[in-house]
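Here is a walk through one protein model. Keep the sequence and the structure open as you read.

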Amino acid sequence: MPDVLLFAKATCAAAAASMMTVLALAVARRSAGDVWQTTACLLALAAGLFTGVCVLPLPIAVPPGSGLDRLLVIALPAAWTILWFGSYTSGREWRAGLFWKSQAADPTGCESPALERITQSWSCFRWCVRFAFCAALPRVLLHGSVYLNGTDDEWSSMQITVAMVTSSFALACLWVLLDRLAMRPAGASVPVAIALAVQCAAVTIMLAGYLKGGAFALLLCASLLATTLSVTAWAKFAGFATAVQSQVLTAIGLIGLFSVVLIGRFFGRLTTESAIIMLFSPLLCWLTEWRMLRLSGTWRVVTGRLVLVSIPLAILLVLAKQKFDQELGALL
Amino acid sequence: MTAAKFVQTLMLGLLVTVGSTTAFAADDYEYDLVHSSVSFKARHLDISWIHGRFNEVSGKFSLDREQPAKSTFELTIQADSVDTANKARDEHLRQPDYFDTKQFPTITFKSTSVKPIKGGYEVTGDFTMHGTTKSITLVLMGGEEHVFKGVKRVAFSTELSLKRSDYGFDKNAIGPIGDAALIMIDCEGVQK
């Protein structure tokens with residue numbers, strides 16, 4: 001039986017740690033470039049998750065033994081590294097560094113086409129690394145399980161291979177689509193929408209009987225939400241755009257959502273239908289870009305997106321509660 | 001000595017030698033699932049006991065009566081065969097908060113040393129559950145042989161108490177079910 005007060009305490013601690021981290025970094029450097037913004041987002045998320053894990057406490061085995069351990073010890077640090085280096089090579093500072101080098105060779109004062117080509121190549125390379133991460137993620141999360149050693153009754157080797165390839169492809173597509181949306185106006189709503197999906201996943205997985213998985217998802221939701229709100233406030237106060245932060249938070253939130261849902265499906269009792277709905281629900285944000293549903297005003301767009309995403313998630317929660325009352329309620 | 005008497009003596013000598021060798025060799029036994037059981041019980045709300053069993057168990061043991069220290073014992077339990085007479089609870093027990101059967105499909109015991117005691121054996125070995133291995137000592141009582149329909153059988157019984165939190169079970173999930181579990185193993189082996 002979960003200790004609701006303890007979970008609430010851990011969630012609040014995670015949110016507070018994320019906010020304090022953003023505040024500290026904002027005070028240290030009020031006006032920030034892409035790299036500093038990305039660093040702030042990643043550090044805030046890490047601080048929130050770490051604090052929440054300590055307060056709960058959520059025991060993590062090193063070397064990792066379960067899917068959740070592998071997510072925390074391998075997958076998330078790898079994602080952080082990829083995103084940080086990605087921001088570093090796409091950042092204005094790096095481009096400026098290349099520009100000054102090309103200036104020394106060609107002092108006419110114009111950005112050379114070579115610089116443009118290099119930047120585009122690096123952009124392609126960054127996405128290739130991300131796609132490779134998407135391909136590897138299901139394999140890492142399922143490592144050592146009955147699915148990969150061919151002893152599972154439900155899934156054959158061929159079926160599990162198809163499932164891993166399909167889920168990697170789905171993650172890659174979602175990443176591209178949501179990354180694009182995060183660059184547009186009201187882009188900060190995308191990580192908030194993902195946080196809603198993560199919250200739904202947390203409760204659904206807990207109601208299905210996997211407390212630890214749901215608890216981690218709660219901490220992720222709190223950290224993601226707190227970081228998003230904090231960096232958005234910082235950007236508004238300091239007067240810089242929020243596209244970079246929205247993209248970084250979208251990426252981490254999506255990777256966390258995908259991982260939690262995959263672990264809940266293959267190790268817990270989350271159904272395939274619930275997993276797919278939760279994973280794809282943030283895509284409903286794209287409906288506000290449709291001409292027929294386009295809204296004017298940032299707040300209207302944000303509200304519209306969150307309402308659209310909340311509808312299927314609310315239905316899932318109701319169904320999960322009904323199932324819990326029927327099957328597991330009697331055990332308590 | 002006549003030739004016949006020489007052959008007779010030789011044959012007798014050979015028989016004694018072979019017989020001695022057979023008597024000194026270890027007897028190998030296979031775990032008989034039909035006549036054995038691995039069951040457990042744990043406290044519920046500290047007022048009652050929840051009982052359960054594992055339905056798929058396999059194992060083998062080798063008994064060396066002359067040199068008991070050379071005996072070996074192995075047991076493998078399929079964790080997802082857990083049965084507490086409640087389907088919903090069994091599904092719950094298979095999840096990562098408890099046995100995590102998709103990640104850790106088996107619970108195993110493999111002996112590392114055996115010591116004869118009055119009435120049985122004291123067996124020390126590696127017990128692995130939920131990805132955690134610890135050295136434990138079992139007191140196996142029994143070991144009497146019985147030949148039934150030409151097949152030799154040997155049986156042992158043991159009980160052990162262990163804490164689920166020592167084996168990586170989620171402490172938050174322990175709650176109304178007690179941390180300590182009592183495991184009862186009644187094992188009958190059939191000589192191979």
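Arg265(A) lies over the face of Phe266(A), at 5.6 Å from the ring centre. That placement, like everything below, comes from a predicted model. The charged end of Arg130(A) sits over the ring of Trp127(A), 4.6 Å from its centre.

Stay with aromatic rings. How many aromatic pairs does the structure hold over all chains? The count is 17. Take Tyr147(A) and Phe266(A) from chain A. Their ring centres are 5.0 Å apart and their planes stand at 80 degrees, so this pair is edge-to-face; the cut-off for that class is over 60 degrees. Tyr147(A) belongs to the loop between α5 (113-141) and α6 (157-183) of chain A, while Phe266(A) is in helix α9 (residues 243-266), so the pair ties together parts that are 119 residues apart in sequence. Buried or exposed, Tyr147(A) and Phe266(A)? Both are buried.

Now move to chain B. The rings of Phe99(B) and Phe169(B) have centres 5.5 Å apart and planes at 85 degrees, so they too make an edge-to-face pair. This pair also links distant parts of its chain. Phe99(B) is in the loop between α2 (87-93) and β7 (106-117) of chain B. Phe169(B) is in the loop between β10 (151-163) and β11 (177-191) of chain B, and the two residues are 70 apart. Phe99(B) is buried, and Phe169(B) is buried as well. Ring pairs link its members: Tyr29(B), Phe61(B), Phe73(B), Tyr121(B) and Phe156(B).

Next come the strands of chain B. Start at β2(B), residues 37-44, and β3(B), residues 48-54. They run antiparallel and are joined by seven bridges. Within this pairing, Phe40(B) stands opposite Gly52(B).

Leu45(B) has a positive phi of about 55 degrees, although it is not a glycine. Asp46(B) lies in this loop between β2 and β3 of chain B as well. Its phi is near 65 degrees, again positive in a residue other than glycine. Is Asp46(B) buried or exposed? Its relative accessibility is 59%, so Asp46(B) counts as exposed; the class begins at over 50%.

β3(B) has a further partner. It pairs with β6(B), residues 82-83, in the antiparallel sense over two bridges. Here Phe54(B) stands opposite Val82(B). So much for the strand pairs around β3(B).

Strand β9(B), residues 132-148, is joined to β10(B) by six bridges, and the strands run antiparallel. His146(B) in this pairing stands opposite Arg153(B) in β10(B). β9(B) and β10(B) form a hairpin with two residues between them. Which residue in that turn has a positive phi? Lys149(B) does, at about 55 degrees.

β10(B) also pairs with β11(B), in the antiparallel sense, over eleven bridges. In that pairing Lys163(B) stands opposite Ala180(B) in β11(B). Recall that Phe169(B) lies in the loop between these strands.

Return to chain A for its peptide bonds. The bond from Leu56(A) to Pro57(A) is cis, with omega near -20 degrees. Pro57(A) is in the loop between α2 (34-55) and α3 (67-90) of chain A. The bond from Val62(A) to Pro63(A) is cis too, with omega near 5 degrees. Pro63(A) lies in the loop between α2 and α3 of chain A.

Finish on the surface of chain A. Which residues form a nonpolar patch there? They are Leu287(A), Trp290(A), Met292(A) and Leu293(A). Together they have about 430 Å² of accessible area. Trp290(A) lies in the loop between α10 (272-280) and α11 (298-327) of chain A. With 49% relative accessibility, Trp290(A) counts as partly exposed, because the exposed class requires over 50%.

Methods. Residues numbered from 1 in each chain as written. Chains lettered and ligands numbered in written order. Predicted model: local features only at pLDDT ≥ 70, side-chain atom pairs only at ≥ 80, totals over all residues. Heavy atoms only, no water. Pairing = 2+ DSSP bridges. Helix = DSSP H or I, 4+ residues; strand = E, 2+ residues; numbered from the N terminus. Patch = residues over 30% accessible without salt bridge, like charges linked within 9 Å, V, L, I, M, F, W, Y side chains within 5 Å. Areas by Shrake-Rupley, 256 points an atom, 1.4 Å probe, with all protein chains shown as cover. Salt bridge = Lys/Arg side-chain N within 4 Å of Asp/Glu carboxyl O. Buried < 20%, exposed > 50% of the residue type's maximum accessible area, 1.4 Å probe, protein only. Phe/Tyr/Trp six-rings, centres within 6.5 Å; stacked < 30°, edge-to-face > 60°. Lys NZ or Arg CZ within 6 Å of the ring centre and 35° of its normal.
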